[in-house]
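Look at the model first, then read on.

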Amino acid sequence: MKIGTELYRKTMLTVSSNPLVEKLTLRYGKSLARKFIAASDLEGAIEEVKRLNSKGIMATLDHLGEGVTQLDQALSYRDEYIRLIKAIAESRVDANVSLKPTQMGLALDKEMGYEHIRAVVREAKYYRNFVRIDMEDSPYTDATLEMIWKLHKEQLTNAGTVIQAYLYRSEQDAKDCIDQGIPLRLVKGAYKESSSIAYQNIKDVLWQYKRIIQMHLDHHVYTAIASHDDKIIRWTKQYALEHDIPKDRFEFQMLYGLRMQEQVKLAEEGYRVRCYVPYGTMWYPYYTRRLAEKPANLMMVLKNMGK
Ligand code: FDA
């Protein structure tokens with residue numbers, strides 16, 4: 001990501017927060033968003049996971065939704081996740097789940113958000129499954145970390161969260177999570193954050209990203225490296241090779257619709273690969289973050305528009 005790319009990302013995130021752009025995209029952009037969204041319902045998503053599994057790729061299912069504004073919405077998301085966990089068990093697909101704290105009501109009522117997430121994690125524990133709590137923007141970092149620590153104290157250890165390499169604080173957060181045995185997904189970070197709390201230059205982000213990955217691999221903690229970036233993937237493979245770290249001690253994660261051939265290739269090379277599979281109707285924020293990440297993603301959509 002060069003300076004120009006960083007400017008592109010910020011501009012896209014700003015433009016997509018404009019209500020008119022949102023309205024127009026929701027009205028006309030649904031078929032274009034399909035590239036990144038696996039299905040509009042649970043049944044369709046499970047079918048897509050079966051297809052991925054047949055290629056040796058595991059999945060994490062995300063029922064799209066975030067920033068709920070009413071308590072009953074959060075409750076219905078909780079119930080949808082419980083339904084999802086049961087459906088994974090019944091269909092015997094190789095998948096876990098990812099959810100967003102604000103989808104469970106964190107921004108409305110912290111305690112209630114926690115209760116909802118705990119209910120999902122309990123259900124997943126019953127079925128021997130795992131819940132990844134995605135990391136959202138910085139107003140929720142502390143609350144998300146507190147929640148994961150609390151879950152682990154309650155012996156709900158089948159939950160993990162995400163560390164974003166662009167935040168200055170992340171190295172310390174990653175250390176604290178390692179000390180408590182919390183499984184992490186490591187990412188660069190997808191939101192617009194200010195220079196008072198986050199690195200703005202990709203070189204700094206990559207530097208901290210590698211340090212955090214290395215710290216995890218060195219501490220023998222199962223690690224999920226979620227990136228489409230060849231520099232990161234190559235570096236991780238090489239580091240693991242040089243330090244005799246077996247391939248089953250970490251996994252690569254990528255998003256549905258992006259670099260699918262690379263996902264298959266990594267799986268064929270014997271790496272554990274997990275595809276993040278979003279489904280549902282609340283696709284706008286997720287979709288615009290994907291477009292903001294890379295001009296090529298926008299180009300792909302524009303190309304499809306012409307068809
Ligand atoms: P980035 O977009 O920085 O691109 C770097 C390079 O990678 C490119 O120059 C190109 O060489 C290559 N590349 C990237 N995309 C490509 C493509 N489509 N085709 C070919 N080459 C490509 N963020 C967050 O804040 N909270 C979260 O919980 C999560 N969760 C999450 C889960 C998973 C599974 C993934 C993959 C990502 C996230 N993220 C996230 C998003 C993450 O923070 C980050 O914004 C994106 O992954 C983009 O960064 P990358 O490292 O993937 O590549």
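Is aspartate 244 buried or exposed, by its C-beta neighbours inside 10 Å? Aspartate 244 counts as exposed because it has 6 such neighbours. (Buried means 20 or more other C-beta atoms within 10 Å of a residue's own, exposed 12 or fewer, partly exposed in between; C-beta atoms are placed from the backbone.) Aspartate 244 lies in the loop between helix H10 (230–242) and S7. Its phi is near 50°, a positive value in a residue other than glycine.

Arginine 259 also has a phi near 50°. This residue sits in the loop between S7 and helix H11 (260–268). With 17 C-beta neighbours inside 10 Å, arginine 259 counts as partly exposed.

## Basis of the model

The model is predicted: local features need pLDDT of at least 70, side-chain atom pairs count only at pLDDT 80 or more, and totals for chains, interfaces and linings use all residues. Residues are numbered from 1 along each chain as its sequence is written. Helices (H or I, at least four residues) and strands (E, at least two) are DSSP runs, numbered from the N terminus.

## H8 against H9

Helix H8 (residues 170–179) packs with helix H9 (residues 202–218) at about 10°, axes 10 Å apart.

Key
Axes are lines fitted to C-alpha atoms, for helices over the stretch in contact, and angles run from 0 to 180 degrees between N-to-C directions.
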